[in-house]
Amino acid sequence: MSDEELARMLQAEEDALVMQQYVTNEHRGQVEQRIRPYVDQVLMYEEPRRQEAARTTVPVDKLEEKALIALAREGNFKPAKDELDHAFLLQLLFWFKQSFRWVNAPSCDICNNDTMNQGMGVANPSELLYGASRVELYRCKSCSSITRFPRYNDPMKLLQTRKGRCGEWANCFTLYCRAFGYESRLILDFTDHVWTECFSPCLGRWMHLDPCEGIYDNPLLYEKGWGKKLNYVIAIARDGVYDVTKRYTRKWHEVLSRRVMTTEPALRIIISDITREQRKNFDSEMLVKLDERDKSEVDEIERNLFSKDDPSISLPGRQSGDKEWRISRSEFGSDEHCSLSSSSCPVRKCVDEHVTKIYNAFRSVVYQLAEQASDISTATEVLEMLRRILISLKNSPFRTRRTTIDSASTNSLFRRMLPSFGQLFDALSLKCKSGVDGASDICIASEPVKTSVALPVVFHALDDLVNNLTGCKKLNEESLSWPLLKLNRICSGFVLASGEELPFGIATSAFDGTRVSKWEEPNGATGCWIIYKVLDNRMHELVAYELMSANDAPERDPMDWIVEGSGNGGSSWQILDKQSAQKFEKRFQRKTYSVKSQSFLANAFRFRFVAVRDAKATSRFQIGSIDLYARTA
C-alpha cells in the first residue's frame, strides 16, 4: 500500500470516529446483552464430561491417518507435533462439515415430507433442559402434522441431534476443538453469523474456521465473498472477550461508520471488564502469558488491516442454507457456482514416486500371469484375490496393518505367484513374511503413512489392469505392452497451472494416481493450461500419455487440447500432439494417446486445454488424472 493510500484510509478512520460520537448510544447494556450469553456458553466447552462425549463420536484413527496423508502429499512424511496437530484440526473441520446437517426446514416427524414454517412455539421442559429457549414450529405439507425444531444451545445435545444452522454448527464444532485440546474461540458476528477460531502453534496465530462452509484461514470470506456489511465481530473464549473485527475487514473506515451501538472507548471497557471477570482466578504466570499473546494478536491484526488482499484468490458467496434464504440475506455473493479458488497458483511438487513404482511393479505380475494363467478368467481371479488381501489390509488399523494369506483363502496359482508380488509390496511399503502352517503374513515395512498414501493408487491401478485384461483376446507376449503395462511413468516433477480449486482441486491432484481427487480450474472451460517440469531438468522423450475423466460433471471434461514439450524448461515450446472432439463416455474413464511426433527430448511438458465438452453449461474445467510416459532407455 502506498503512503498516499494509507493516509487516505487513516483520515477516513478519523472521520468515522468523529461521526461515531454523534450517532452512538453511550449505554453499554445493548452490547453487553449480546455478548454475555456466549460467555456462559463457552464455559460449557471446558467440562470434561462434554469433552469426552465429543471425542467418542469422532473417528480419531481415520482423521489422524488423513492428516498424515495430507502432509505426506506435500512431501512431509515425518511432521512435527505442531504440524500434525494443525493437519488434524483441518481434517476435523472437513469431517464435521460432512457429519453435521444443515436445517432449512425440518422434515416431517411423521411422514418425512417437506414442511413449512408456522411460527414459534413454547419450549417444553425436556427442550429447556438443553437450553432450547426458542422452538420453531413447522407444518407438514402432506399430512399437516406439526414438527418442532428446538434451537438447542447445549453442545452435548447437539452431539446427538447433529443438525441445525450456523449457531448450532459453530457451537458444536467449537466443543470438538476444545475436546482435542485446541485453544478455541466462538466468534459472534453481530450481523448474524457464528463461527470458530483456533490458535495454531504451527502458524503462530489465530486461524479462522467456518464449519458451515468448510473453509479455513480465509477471514475475508464474509466481506469479500458474501458481501457482508460487518460491524462487530467479537471472539469469546474461556479466558476473555476480544474485538477481532479488524481481522475480518480491509474496509475498516466503512465498518467503523456502522459501529453505532456504543463508542469505541465504551466497547473497550465492556470487553475489558468481562475479560477481567473471566481471568480473576488465573495465576500470575498464566496472566503474563495471556497478556503477551493478546499484544501479539493486536500487532498482527493492525499489521494486516492495511495490507492488500490477494486479488488472485476468489472467495465464494455463502453456500450453507437454501438459495432464496441466502439471497434474502444478501450473502449469496456474485456467482452461484463460485468457490474458493486461485488464479495464481504456486509451483507445486508432485509427491508421486509411489505411483510410478506401483505401475512398474505390475510388470512382473503380468508376465507371470502370461506364463502361468491358462486364460484371462484365471488371471483375473488371481488379481481379485490380490484385491481382497489389500482390502483386508486397508480395513485394519493404519499404524499396525497386517493380514494373513493362508492356503484355504487362495488358490494354488496365487500361492505360486506370491514371489512375483514382492516388488508391488515394496511399492506399498509392505513386507511378506513366512507364517505358521505355510501361511504368509503381510505387514507394514516402514512408515505407515507411506502405505496409506499408496493403497488408493494400487486399488485404482488394479481396476484399470483388470479392465485392460478383459479387453485382451488372449494373454500372451504380444499383449504385454502399453497400456496393459504402464512403464517408465514420469514422476516427482513440479507443476504450475493457470488456476485451481482450493483446497481439494489443486494442480498436483492430476498426478496423484487416485480417483478421489482431480484438478479443477474454475475458469478453464474456454481455455486453461498446466505445465509439468521434470525433476532435475532430466530430458525425456514423451511417447504416450493418459487422461482420466473426473468423478462428476461431464460437461467439464476436456474435448480439445494441445500437448507441447520444451527442451529449455519452458522458454520455448514444440507441439507434440493435438486432439479434438474427444469425448469421455463415462466417469473415471482412461483414454490413452501415443505421441507420433518425431523424437524430441524435453524437460517440461505443457497441456493447453482449449475447450471442454459443454462450455455453455459451465465455466469450469476438470481432469481426474494425467500420466506421462517416457521412452524406456
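These legends go with a few close-up views of a predicted model.

The model is predicted, so local features need pLDDT of at least 70 and side-chain atom pairs count only at pLDDT 80 or more, while totals for chains, interfaces and linings use all residues. Residues are numbered from 1 along each chain as its sequence is written, and side-chain values use heavy atoms, with hydrogens and water left out.

**View 1. Trp561 meets Tyr593 edge-to-face.** Rings of Phe, Tyr and Trp (its six-membered ring) pair if their centres lie within 6.5 Å; planes under 30 degrees apart are stacked, over 60 edge-to-face, and the rest tilted. The count comes to 29 aromatic pairs. Here the centres are 5.4 Å apart and the planes stand at 85°, so this pair is edge-to-face. Trp561 belongs to strand S23 (residues 558–566) and Tyr593 to strand S25 (residues 590–594), so the pair ties together parts 32 residues apart in sequence. Buried means under 20% relative accessible area, with a 1.4 Å probe and protein chains only.

**View 2. Phe609 and Phe621 make a tilted pair.** Centre to centre it's 4.5 Å, with 35° between the planes. Phe609 sits in strand S27 (residues 604–612) and Phe621 in strand S28 (residues 621–623), so this pair links parts 12 residues apart in sequence. Phe609 is buried at 2%, and Phe621 is buried at 0%.

**View 3. Lys349 has its charged end over the ring of Phe494.** The distance to the ring centre is 5.5 Å. To count, NZ of Lys or CZ of Arg must be within 6 Å of the ring centre and within 35 degrees of the ring normal.

**View 4. Here's the largest cavity, about 130 Å³ of space.** A cavity is a set of points on a 1 Å grid over the protein atoms alone where a 1.4 Å probe fits but cannot get out, and lining residues have an atom within 4 Å of a point. Grid points are joined across faces, edges and corners, and the volume is the space filled by probe spheres set on them. Lining residues include Tyr359, His460 and Arg590. Helix H18 gives the most to this lining, with five residues.

Terms used: Helices (H or I, at least four residues) and strands (E, at least two) are DSSP runs, numbered from the N terminus. Buried means under 20% relative accessible area, exposed over 50%, partly exposed in between (1.4 Å probe, protein chains only). On a 1 Å grid over the protein atoms alone, a cavity is a set of points where a 1.4 Å probe fits but cannot get out, and a pocket is an open set with protein on both sides within 12 Å along at least five of seven lines; lining residues have an atom within 4 Å of a point.
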